[in-house]
Amino acid sequence: MLKALRRVAASLGIAFTLVGAPAHAQELKLGALYPFSGGLALLGDESFRGVQLAVDERNAAGGINGRQITLVKADAVDASQAVGEARRLTSVEKVAAVFGSYASGISQAATQVTELAGVPYFELGATADTITGRGFKYLFRVNPTAKNIGDRTLEGLVKVVAPMLKVDPKTLKLAIIHEDGPYGSLVAAAQKEGAAKLGIPVVEVQAYSAKTVDLSSVILRLKGAGADVVLHTAYQNDAVLFFRQAAAAGYKPKAVIGGGGGYSLADTAQAVGAPIEGVYDVDFPQITMNAAGAPGLGDFVAAYQKKFSSAPRSGHSLANYVGAKAMLEVLARAKSTDKDKIRDAALAYRAAVGSTAAGWGIQFNETGQNTAATLNLMQWQQGKLVTVFPEAVANAKPIASN
Amino acid sequence: MSLLLQLVANGLLLGGAFAIISIGLTLIFGVVRVVNFAHGEFLMVGMYVAWLCASRLGLHPYAAVPIVVVFLFVMGAAMQRYVIQSLLSADAHIQVFATVGISTALLNLALLMFGADIRKVEFAFGNQNLSIGSLTFVSGQVITFVVAIVVAFAMHFYLTRTYTGRAFRALAQNRTAAALMGVDVNKTYVFAFGIGAALVGIASCLLTLQYPVFPTVGTYFVLTAFVIVVLGGMGSLPGAVIGSMFIGLIDSLAGFYVGPDLKEVVYFVIFLVILIVRPTGLFGLGRGSE
């Protein structure tokens with residue numbers, strides 16, 4: 001009886017595919033799952049714009065194996081909504097793959113659904129290491145992880161910051177402070193590990209809630225411990241609070257290195273004012289970097305300007321553009337929407353470091369993580385965030401902080 | 001020793017900021033008996049108005065107090081008149097949902113109008129760093145602290161010495177009896193809600209100097225404000241002020257000695273202990289007054 005039922009169901013399925021097939025032959029549906037409303041909306045939308053530009057570019061060049069790409073937007077404000085929207089994309093919209101997701105919490109939740117449904121998920125922005133650490137087969141992340149941010153921070157400290165201060169990095173006392181969500185905690189853990197490996201003393205590690213309205217006690221601890229360099233992973237409000245309250249307490253570290261987030265945003269710099277001058281920041285590549293190490297950057301900025309009539313609001317669109325472009329190429333090479341063929345194509349795809357508009361290379365490992373994505377060390381100079389390291393993409397020389 | 005003094009000073013000054021927010025909340029709690037979950041968003045709206053006054057008209061936030069206060073009074077009164085009033089005889093949780101709805105609506109309205117960016121006003125007055133011996137302060141914090149105390153005293157006199165103040169307290173004790181004594185219940189509620197919101201207006205002007213303005217800024221303060229109001233005893237002004245100082249001190253001391261990520265744990269544990277010992281809060285009116 002069951003067998004018979006199954007056979008009927010199967011043949012019905014075939015019938016549906018047969019009926020459905022001709023209508024969809026010319027279009028390839030891909031999902032785009034980002035927070036489009038709520039508190040993360042600004043950067044979620046900025047991320048999506050990158051995907052949109054990559055898709056437009058691909059469609060103009062003939063699409064994927066002759067099929068035009070249609071993006072299906074899914075609004076995931078938080079983890080629970082991400083689950084619902086991922087279900088909609090995989091079961092109702094029946095997309096061939098999903099792009100996402102800006103925030104790690106959203107990515108964690110959405111990928112669980114897509115993995116079970118057997119729909120490939122291309123992560124272009126979320127940084128939590130744990131996303132690719134779960135043994136998922138159809139999840140690929142193009143962007144670097146929190147651990148990469150931590151590693152690059154220490155590298156920048158040794159190669160740029162310490163030489164600027166004209167001291168041996170091992171004589172610098174480090175303080176690591178961070179917001180206590182997954183983003184801050186993961187970056188800070190990687191920084192702590194990196195410092196231990198290099199033998200640089202860490203005098204304070206302090207976590208605080210990103211919703212804090214007071215950091216004065218944290219600052220008093222750093223001041224008491226005589227920390228020379230502060231590694232700070234923060235959102236906007238807490239970054240502003242830090243500088244303001246440090247000034248009030250008369251605490252002036254020799255250098256501050258931000259870990260992306262609030263430190264990369266022009267609004268933060270504006271709100272902090274003069275003390276931001278000379279502050280370092282490790283983050284995804286920004287559009288201001290040297291295009292010599294990032295071919296196609298100029299074209300991206302021009303296309304963005306044309307479509308949205310403004311300059312990119314942050315580096316998120318660039319990272320998502322580069323990631324989406326690479327994954328569209330993977331889909332074209334797979335010549336199929338079969339999940340295993342896509343996986344094989346992704347694992348086989350190679351691009352050298354310095355060959356994309358973000359300066360990244362592409363080389364996925366078995367967990368689906370791109371191992372050739374890089375981060376840049378930047379510095380706030382006269383109200384602008386300039387790239388100072390690595391040299392291939394640097395557009396300015398570092399300056400001593402004031 | 002000077003470190004401990006600095007921590008205590010920081011704690012009390014932070015308490016000042018909490019106090020000015022909590023006074024309005026406790027008034028609405030105490031008189032209208034509505035848990036106003038939109039309180040944080042009132043603060044946010046006030047901060048945006050203050051920021052607009054500063055960036056468009058060049059007004060110092062302290063000079064914008066009358067504008068913001070009137071704006072928020074109207075907003076609070078309208079919310080009571082057109083939303084809460086029609087739900088007065090409904091279950092308490094219906095009113096709570098209404099305020100949650102308004103809170104969400106205001107937050108997203110701000111996102112729509114201003115985006116998620118942070119804004120800041122730049123004025124020297126209120127941002128000077130002062131020092132007494134080895135202690136350091138920011139002038140705006142001291143002003144906030146002083147204003148909070150003055151406002152608390154003024155409200156206390158208002159509630160005990162004027163007719164409307166007495167009407168507020170009568171309503172707080174027993175709505176039906178107050179109505180029988182000739183208190184116009186609806187009007188007084190509208191007025192009380194307006195005053196509560198107006199007080200947040202003062203708070204927003206003071207805080208705009210010290211904190212950046214963004215759509216979710218209210219949520220950063222409001223949970224603590226709720227804790228303070230319950231801790232001090234709902235509807236009690238001295239309770240709100242002393243509760244604020246208490247939470248401010250714990251925030252500062254626990255942040256230093258225990259760890260900034262655990263300071264909330266510390267004050268929630270103390271909060272729970274106090275509620276177990278005194279369920280009506282430090283200055284609550286005793287059983288039956290919630």
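Domain bounds here come from an automatic or database domain assignment. The model is predicted.

**Stop 1: the two domains of chain A**

Colour chain A by domain. Domain 1 covers 2-144 + 293-371, and domain 2 covers 147-283 + 377-393. Domain 1 of chain A gives eleven residues, and domain 2 of chain A gives eleven residues. Look at the domain 1 side of chain A by class. Facing domain 2 are three nonpolar, seven polar and one charged residues.

**Stop 2: the sheet**

Show strands S6 to S10, S13 and S14 of chain A. They belong to an open sheet of seven strands, in the order S7-S6-S8-S9-S10-S13-S14, with mixed pairing. Go to the edges. S7 and S14 of chain A each have a single partner strand, so one side of each has no neighbour in the sheet. Look along the sheet from strand to strand. The twist averages 25 degrees from one strand to the next.

**Stop 3**

Select S9 of chain A, residues 255-258, and S10 of chain A, residues 280-283. These two strands run parallel and are joined by two bridges. Pick Ile257(A). Its bridge partner in S10(A) is Tyr280(A).

Step on to S13 of chain A. S10(A) and S13(A) pair in the antiparallel sense, over four bridges. Pick Val282(A) and look across to Leu377(A), its bridge partner in S13(A). Is S13 of chain A, residues 376-381, covered or open? The strand is mostly covered, with five of its six residues buried.

Move to S14 of chain A. S13(A) and S14(A) are antiparallel too, with five bridges between them. Gln381(A) has Lys384(A) as its bridge partner in S14(A). Zoom in on the turn. S13(A) and S14(A) form a hairpin with two residues between them. Gln382(A), in that turn, has a positive phi of about 50 degrees.

**Stop 4**

The peptide bond from Phe389(A) to Pro390(A) is cis, with omega near 0 degrees.

Now jump to Ser101(A). This residue is in the loop between strand S3 (97-100) and helix H4 (104-117) of chain A. From Gly100(A) to Ser101(A) the peptide bond is cis, with omega near -15 degrees.

Next, select Lys94(A), in the loop between helix H3 (79-92) and S3 of chain A. Lys94(A) is not a glycine, yet its phi is positive, at about 50 degrees. Is Lys94(A) buried, exposed or partly exposed? Count the other C-beta atoms within 10 Å: there are 15, so Lys94(A) is partly exposed.

**Stop 5: where chain A meets chain B**

Show both chains. The contact takes 28 residues from chain A and 29 residues from chain B. Which elements of chain A give two or more residues to this side? They are helix H2 (41-60), strand S7 (202-208), helix H7 (216-225), helix H8 (236-249) and helix H9 (266-272). Colour the chain A side by class. Twelve of its residues are nonpolar, eleven polar and five charged.

**Stop 6: the core**

Finish inside. The largest nonpolar core has 225 residues. Leu33(A), Val98(A), Val229(A), Ile21(B) and Leu72(B) have the most contacts inside this core. Helix H1 of chain B, residues 2-32, gives the most to it, with 15 residues. Domain 1 and domain 2 of chain A each supply at least three residues to this core.

End on Val98(A). Leaving aside residues up to four places away in sequence, Val98(A) touches Gly31(A), Leu33(A), Ala86(A), Leu89(A), Thr114(A), Val119(A), Tyr121(A) and Phe122(A).

Technical notes: Residues numbered from 1 in each chain as written. Chains lettered and ligands numbered in written order. Predicted model: local features only at pLDDT ≥ 70, side-chain atom pairs only at ≥ 80, totals over all residues. Core = buried A, V, L, I, M, F, W, Y, C linked by C-beta atoms within 7 Å. Buried ≥ 20, exposed ≤ 12 C-beta atoms within 10 Å, placed from the backbone. Contact = placed C-beta atoms within 7 Å. Nonpolar A, V, L, I, M, F, W, Y, C, P; charged D, E, K, R; others polar. Pairing = 2+ DSSP bridges. Axes fitted to C-alpha atoms, helices over the stretch in contact; angles between N-to-C directions.
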